Amino acid sequence: MASETRLPLDTDLPPDGERRRDFLYVATGAFAAVGAAAFVWPMINQMNPSADVRAMASIDLDLASVEPGQAIKVSWRGKPVFARQLTPAEIQQANAVNVSTLRDPQTLAERTKPGSEKWLITLGVCTHLGCVPLGAGQGEVRGDFGGYFCPCHGSHYDTAARIRKGPAPKNLEVPQYAFKTPTSVTIG
Amino acid sequence: MSFPWAKHYQPTSDLGKYMDSRLPLPRFVHGALGAGYPTPKNLNYFYNFGVLAGVALVVQIITGIILGMHYAANTTVAFDSVEHIMRDVSGGWMFRYMHAVGASFFFAVVYIHIFRGLYYGSFKPPREVLWMLGLVIFLLMMATAFMGYVLVWGQMSFWGAAVITGLFSALPIVGEAIQTWLLGGFAPDNATLNRFFSLHYLLPFVIFGVIILHIWALHIPGSNNPTGVDVKGPQDTVPFHPYYTAKDFFGLGVYLTIFAAVVFFAPNVLGEADNYIPANPLSTPAHIVPEWYFWPFYAILRAFTTDLFFIPAKLLGVLAMFAAILLLFFLPWLDTSPVRSNSYRPLNRILFWVFVAVCLVLGVCGGKPAEEPWVRLSQIFTAYYFAHFLIITPLVSRFEKTLPLPNSISEAVLAKYGKPSPAATAAGVGAAAPQPAE
């Protein structure tokens, strides 16, 4: 039978099973995926903190009027900050704890600045789900360990604001701060 | 769905014939809700709750769009704009209360709808996809209701937003980044409120779309019924219209009467008084609880108070709370009993009511402060909740001795009234093969 010449069909496969067209398919699909990702990322990213939220200033705090045993609450970056002047009894109580038994082991000295150990400055944000613990205001419940008590899910913090009981995983966070004078501090 | 005996659509008017050959919308409605949809004739009043849920969604969408015309999603004015709706907008107090009470009623009917499905085995083959779409709707409802509650920007709104977005921060490594992304900042603030308004507007329409799939998935096998026995012939069904349209409208009348009574005479009975205090980012209310329809899941979240191996208690609680719902997706494969309805499952029927009681106790625990004895009770009943699905249900469905099933729906109906079973049962008709919807 005489051999017929015909144009190769799209369904004809070369011996190795790959056609030049397959490469084009993969390349086209890959470009489509990259394009889709480049389109999706800005749609996700627009929900991240905007420039005005990211431009967070530091604040200065005057502690001169805070008596021993008292605490003040200030707003910083949309969150409360507790600044407490510990009494000698509270410092003693915090130092008497065997640190290795704690859920989040830290000494009081690690949570304060050298020379200003009586000033306990922490975020007033429970490390469980973010409520403001009670204990900074006058006459508020201070929990089983004399520090703070979170009413949302019952976390108890001690006089160094370390987690002692309840579902919270960490101690109250200590923000970055520095003393300018013995009674004036810059947070942030 | 159409059984072979379904009454086909016949356009009578010239306009009807003209439209039917171009856009057969009346034919579609006739087959979905009209006389062209044969329905088991023994459905009881628990089968009204699907329609009630649909109506509840429509009430939320209409009142929601109205409220959106007067509400301002900005932290400086949000709370005041809600008071402006209450005091100054004509009938604004009514729309606000209808929307707020409407959310509670939506959840109430959906919970009854879900437990109806659990009791009569409506999640079992061939209705698994129908069941799972329903759970998707439930999850979307919870997300929507949460964001709606935040819009008021009262104390509960603010702290609810802090806690619920805080759930995501429990995830290892990516958790904090996800929470910041959701909030658009480092604490709930204007960015949060603004986006929640946008999403609270969007999600009800997504729910609406999934409901269409839910009804579509229902109409392929057709409705389940209290016997759990498949439809075998024309004597087992009646056309949806006028029989069930009438019954649904009656149920709707009762529902709307109760709804109106609560809206007009006790609109705040289901809400939290603290949400009438404007949001204060520096102080959490002493007794913060979510809305009642989240209480059982909140109790499960709070039941985990100690770390397990390397998993912190916080993450455990979050995982358990989500698992409590996700587990329901697997129910069709956990309950392997071939008998659908609990009417013929004497042991499982008792365990069903025990489970209902457990959910109610969890609900009560979730509404109480995180103190003893509520924490201990939450732990015990959370353990039972998971045991019910993972241990009890698979075992019971394997070993239970079930009661004899009626031969057909119509036989069960007639037996109830002491009449002999008709000889015509399934004679010559045989098991009707469900056909795809048009």
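User: Which residues line the second largest cavity?

Analyst: This is a predicted model, where local features need pLDDT of at least 70, side-chain atom pairs count only at pLDDT 80 or more, and totals for chains, interfaces and linings use all residues. Residues are numbered from 1 along each chain as its sequence is written. The lining consists of Ala299(B), Arg302(B), Cys365(B), Pro369(B), Ala370(B), Trp374(B), Val375(B) and Ser378(B).

User: What makes a residue part of a lining?

Analyst: A lining residue has an atom within 4 Å of a point of the cavity, which is a set of points on a 1 Å grid over the protein atoms alone where a 1.4 Å probe fits but cannot get out. Ala299(B) and Trp374(B) are among those listed for the second largest cavity, so they meet that rule.

User: Which element gives the largest share of that lining?

Analyst: H15(B), with three residues. Helices are DSSP runs (H or I, at least four residues), numbered from the N terminus. Helix H11 (295-302) of chain B also gives two or more residues.

User: What is the volume of the largest cavity?

Analyst: About 150 Å³. A volume is the space filled by probe spheres set on the grid points, which are joined across faces, edges and corners. Among its 16 lining residues, the closest to the centre include Leu118(B) and His388(B).

Definitions and conventions: Chains are lettered from A and ligands numbered from 1 in the order in which they are written. Side-chain values use heavy atoms; hydrogens and water are left out. On a 1 Å grid over the protein atoms alone, a cavity is a set of points where a 1.4 Å probe fits but cannot get out, and a pocket is an open set with protein on both sides within 12 Å along at least five of seven lines; lining residues have an atom within 4 Å of a point.
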